[in-house]
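Please look at the sequence and the 3D structure below.

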Amino acid sequence: MGTLRIVSTIDPLPAAADAQAALSDIDLLHAISMDLIGEQDPTALYGKIVDAAIAITGSQFGTMQLRRQPDDGGAPGLHLLVSRGLTDDDRAVWQWVSPTAHSSCTKALHTGRRAIIADYETWDEITGTADLDAFRRAGIRSAQTTPLLSRDGTLLGMISTHWRSPHEPSQRDLRLLDILARQAADLLERTLAEEALREREQELQKTVEVLRETQQLQEVLTSELGHRVKNLFAMVSAITTHTLRGSTDRFRAQTLQHRLTALSSAHDILLQSSWKPAPLKDVALAAVANAGIKDRVQIDGPHVTLGSKAALSLALLIHELATNALKYGSLSLGAGLVALTWRIDGAADAETLYVTWTETKGPKVEPPTDTGFGSRLINAGISGLGDVILAYKPTGLECQMRAPLQDLQGAE
């Protein structure tokens, strides 16, 4: 019959236990606790736990193992964290202990309870196995393994002590091992949680670095694209000037150039926002500045963003309105002014943007007799659907445009 024992409970202390020995054990546990609590390095902490187990049991060897799932997805085994008394060759043999091995720690792994093997040489299950040969080479004859259980009963790992000769721990030794195992399990659980947190932080840091590199690359590409598009605008403007140089209609050439410049300015605004929705106010300011009327236009309205299509459309609209105001409207007189305002009305899921161009202190204006490109552009409105009201008042033109805000904030 083998000498394996699975121990789930410890017998109570004899009534006649020596009081002096009990006090000595209390002092020992107190010293061990203070030493463990003050240790911050995980490896050193595990080593102190094993040293304490050896001191309690008077053994010649000790190990601490972590229950771990293998990479191949097989049954959990035991990974060696730290050892005492073993050679490098011995540690290599037991660095990973599979659940099919023959030892006290695998018995405890299967049962979740302490396992004691008083003599490997008389344990029937290990006879004739490579595991017995390994214990003989290491000089190990007997062992005990105490499981490390979390507060919720999860098996975290093992503390084992081994002796060179047949040995069975005393009740006093097992009782102190239980106290040590409780504290060791709490410390191991805390350490594992901290290590997992550090790993997650490192993974997050790597993700942040990748995102930062991606963002930097995107900024470089966006800048290069913007540079190329601006060059394209400049080239188109130069070609237009050269092509129409001999034309008698210089007005049309200048109009085309100004429209291209208005588009270029709106493109710069969109480029600064990486072609994401751009603030309406920025688009309006750039448009009036490009037209040279910044000091004569009052701009006011709540914060609202426009998609790329609406932003380009609004920039051209403001350019056409400014051009007309300079030629025929309020800005053709020194005292003339313009108010460019906008507001949002409607429910949150169906908001409407109203943009109003109001000219004051200018000459009396009349509806145009012909409809050129500029007139058609203004009448199309921001959305291109013609939702525009034009009022030709004695003090100047008033143009009110409206469109669903949700449509205007799309990129297409």
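What follows describes selected parts of this model, one group at a time.

This is a predicted model: local features need pLDDT of at least 70, side-chain atom pairs count only at pLDDT 80 or more, and totals for chains, interfaces and linings use all residues. Residues are numbered from 1 along each chain as its sequence is written, and side-chain values use heavy atoms, with hydrogens and water left out.

## Strands

Helices (H or I, at least four residues) and strands (E, at least two) are DSSP runs, numbered from the N terminus. Two strands pair if DSSP finds at least two bridges between them. A residue is called buried at under 20% relative accessible area, exposed at over 50%, and partly exposed in between, using a 1.4 Å probe and protein chains only.

Strand β12 covers residues 352-360, and seven of its nine residues are buried. Strand β11 (residues 337-345) pairs with β12 in the antiparallel sense over nine bridges. In this pairing W342 stands opposite V355 of β12. The two strands β11 and β12 form a hairpin with six residues between them. In the turn, G346 has a positive phi of about 105°.

Strand β12 is also joined to β14 (residues 396-404) by seven bridges, and these two strands run antiparallel. Here V355 stands opposite M401 in β14.

Strand β11 has a further partner in β9, with four bridges between them and a parallel direction. The bridge partner of I299 in β11 is L340. Strand β9 (residues 297-300) has alternating side chains: V297 and I299 point to one face and are buried.

## Helix α10

Which residues of helix α10 (residues 373-380) are buried? They are G374, S375, L377 and I378. Seen down the axis of α10, these buried residues fall within an arc of 160°, so they line one face of the helix. The arc is that of the directions from the helix axis to the C-beta atoms. An α-helix has 3.6 residues a turn, so residues three or four places apart point the same way. Just after α10, G381 takes a positive phi of about 75°.

## Charged pairs

A salt bridge is a side-chain nitrogen of Lys or Arg within 4 Å of a carboxyl oxygen of Asp or Glu. The structure holds 15 salt bridges. The table lists some of them.

| Pair | N to O distance |
|---|---|
| K107 and E125 | 2.6 Å |
| R114 and D178 | 2.5 Å |
| D387 and R402 | 3.0 Å |

K107 lies in helix α4 (residues 104-111) and E125 in the loop between β5 (114-117) and α5 (130-138), so the pair ties together parts that are 18 residues apart in sequence. E125 is partly exposed, with a relative accessible area of 40%.

R114 is buried, at 4% relative accessible area, whereas D178 is partly exposed at 32%.

D387 lies in the loop between α10 and β13 (388-393) and R402 in strand β14, so this pair ties together parts that are 15 residues apart in sequence. D387 is partly exposed at 32% relative accessibility, and R402 is partly exposed at 40%. Salt bridges that share partners also join E121, D133 and R136 into one network.

## Aromatic rings

Rings of Phe, Tyr and Trp (its six-membered ring) pair if their centres lie within 6.5 Å; planes under 30 degrees apart count as stacked, over 60 as edge-to-face and the rest as tilted. By this rule there are three aromatic pairs. One of them is Y120 and W123, with ring centres 6.1 Å apart and planes at 45°, so the pair is tilted. Both Y120 and W123 are buried. W94, Y120, W123 and F135 form one aromatic cluster.

A charge sits over a ring if NZ of Lys or CZ of Arg is within 6 Å of the ring centre and within 35 degrees of the ring normal. The charged end of R343 sits over the ring of Y354, 4.2 Å from its centre.

## Cysteines

How many disulfides does the structure hold? The count is zero, where a disulfide is a pair of cysteine sulfur atoms within 2.5 Å. C105 is buried at 8% relative accessible area, and C399 is buried at 0%.
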